[in-house]
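Subject: Structure handover

Hello,

Here is the structure I said I would pass on.

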Amino acid sequence: MISWDLIKKHKLGIPLLWDITMVFVVLGNLALIIFDLSYLSLRPFYFHKFPEILSMYDKPILGIEAHRTTTAYTDLVDDLKYLTQLRDDEFRENQRKNTREEIYKVLTSLKTQVANEKFDSLYFGFEAALRIEDIQLRRKKVEEILFLLNEFFSVMEETDEITTLSELSEKYAFINRLSIETNESKEILSIIQKMDKRMLEIVENNPFAMSGQTQFLLDIQSKIKNEYQTHKTKARDLKLRQELDPILNRDRIPSTVVAFAWFWRDQNRSLEQKIEFFNANFREYFALNYYRAISSDGTPVNNYLLLDVPFLFFFLAEFVISWLLAIKNKTYIAWFLYPIYHWYDVLGLIPIVEFRFFRLVRVYKIYLMLQTNQFTKILGNDLISKTLRYYSNIIKEEISDIVTIQILTETQNEVRSGNSLDQLVNAIDQNRAELKKVALKNIAQSAQNPNLQALIQNLVTEVSERVSANMKPISLLPKEMQANLTKQISLTIYSAVSQATVAMATDPSGRKSIENLIDYLIDEMILVAQDPDMVKLNTNISVALIENMKKSIGEKKWLKSEIGSS
């Protein structure tokens, strides 16, 4: 919990306020970095839950725009939907009226930019046409003037207003054509044929590839083919392909294009049902596809630095001030050592988008800050401190485990090479003289050790008793005397061997015999080390032992711990 007594005691001085500010600024910057790094992968989630994020981040920061090819297809679907809405007389008349008003606004704007008598005449003619009471006459007059206006501007340099005027004129003519019922089927067919061409372009060029969303196209193809398969017949498929031949001018028409052509021409569903089915199953794929602008160096546009600049200046100012204070307080023996000791700050200050991953090192700065200043005391043993310790321990354990396992793996490889036993024997061979000295010293000490002598005497006594019990009785001696005689003989032999061993270890000739014995044992070990079966056995045992050690080290001990216990 936060200690309010300590807060009162420190009275929220400048150092404490600065530390708290730094912590929250660093956390905010890290959150922004993580958001940017994960944006493209989480973009479908933002598309559904927070669409306003796309408008703020897509084009301004990453240069992302709706892909023209896929957008053109959904625009045609929207045209079909608009066409169904125009079936309502009231809606159609309102659309016609709104379109006329928008055209008039565009013309008014152009009048301030274009000084031409012909244009002035057409402008005033349009105003007069709007005042005509007869509906049919007004439509005809407005269309005639719009045709002349577009013809007039066609020879001029294209501007946004001229483009808008052309689009609104086409929209107005489209609404008027739909006023005649017999024209609806022609307009529907015209739109569907445009959709056929767009779908062929989508299948052949795969506009999803650039954004790494080819799976979307595969899903679209799979769904529409499955839908078509339930209604497909050989005759229907052949008829569709023959109908598409003059439209697409292709010898081989992709099955996806044929399936969509069937879908939009299906007589068993109304146009509204088709649009509803498309919106439910396909529109999301088309809407999520995007085109990302390319910068002059050939890389995708990324204006993330526009967001990072305030943080960059803040951290740069903090770095310079801290460096100056370190020089003033003579914290380091040389003024230029500060950037070396604070390398994580230097990495975080590199103003290159590709280096933004290294800015995550600023987490280390937070850790140091919370460990070395008053903020840690105020936080005390609360959740933040426990969390920092918990994840710090995880990082330390993971790094040490990786290093240790790598060392053990190298050791296993060395053992598998068959050199480990040779290395052991060579090490013993190189220390022959030391082994002889240690052996002679320990032999003499062990033979004179009273505790060891008592232990061996007891052992000899037990063995002699068992031997006596199993021996055939000697007729001239009683059984008890026979047992005592056996015991005395065994102890006498042990005493003699013990004294001989001590004498042997101290006598030059005896010492030489022991040294020869050690030389013999080492030579035998060298021969054993060259035996293939022995090498194989040693390798198997050593590798298995090291593997068990790796499994023990690889166990995630932090998984068994909790933040509260850190």
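Below is what was found, starting with the whole chain and moving to single contacts.

First, the ground rules. This is a predicted model, in which local features need pLDDT of at least 70 and side-chain atom pairs count only at pLDDT 80 or more, while totals for chains, interfaces and linings use all residues. Residues are numbered from 1 along each chain as its sequence is written, and side-chain values use heavy atoms, with hydrogens and water left out.

**Overall**

The protein chain has 26 helices and two strands. These are DSSP runs, numbered from the N terminus (helices: H or I, at least four residues; strands: E, at least two). Of its 566 residues, 35% count as buried. Buried means under 20% relative accessible area, exposed over 50%, and partly exposed in between (1.4 Å probe, protein chains only). The accessible surface comes to about 35200 Å². Carbon and sulfur atoms hold 60% of that surface. Areas come from the Shrake-Rupley method with a 1.4 Å probe; for residues, only the protein chains shown count as cover. Among contacts with a separation of 6 or more, 69% are between residues 24 or more positions apart. A contact means heavy atoms within 4.5 Å.

**Helix α13**

Which residues of α13 (271-281) are buried? They are Leu271, Lys274, Ile275 and Phe278. Seen down the axis of α13, they fall within an arc of 95°, so they line one face of the helix. The arc is taken from the directions from the helix axis to the C-beta atoms. Glu276 and Ala280 are exposed on the other side. The cover over the buried residues includes α4 (68-85), α9 (182-205), α12 (255-265) and α14 (283-288).

**Salt bridges**

There are 16 salt bridges. Each is a side-chain nitrogen of Lys or Arg within 4 Å of a carboxyl oxygen of Asp or Glu. Three of them are worth a look:

- Arg87 pairs with Glu272, with the closest N and O atoms 3.0 Å apart. Arg87 is in the loop between α4 and α5 (89-111), and Glu272 is in α13, 185 residues apart.
- Asp196 meets Arg265 at 2.7 Å, N to O. Asp196 lies in α9 and Arg265 in α12, so the pair ties together parts 69 residues apart in sequence. Asp196 is buried at 2% relative accessibility, and Arg265 is buried at 14%.
- Arg269 bridges to Glu227, with the closest N and O atoms 3.1 Å apart. Arg269 is in the loop between α12 and α13, and Glu227 is in α10 (214-229), 42 residues apart.

Shared partners also join Arg87, Glu184 and Glu272 into one network.

**Aromatic rings**

The structure holds 37 aromatic pairs. Rings of Phe, Tyr and Trp (its six-membered ring) pair if their centres lie within 6.5 Å; planes under 30 degrees apart count as stacked, over 60 as edge-to-face and the rest as tilted. Trp323 and Tyr338 are stacked, 6.2 Å centre to centre with 15° between the planes. Trp323 lies in α15 and Tyr338 in α16, so the pair ties together parts 15 residues apart in sequence. Trp323 is partly exposed at 22% relative accessibility. Tyr338 is buried at 5%. Ring pairs also link a cluster that includes Tyr73, Phe208, Phe260, Phe278 and Phe286.

Best wishes
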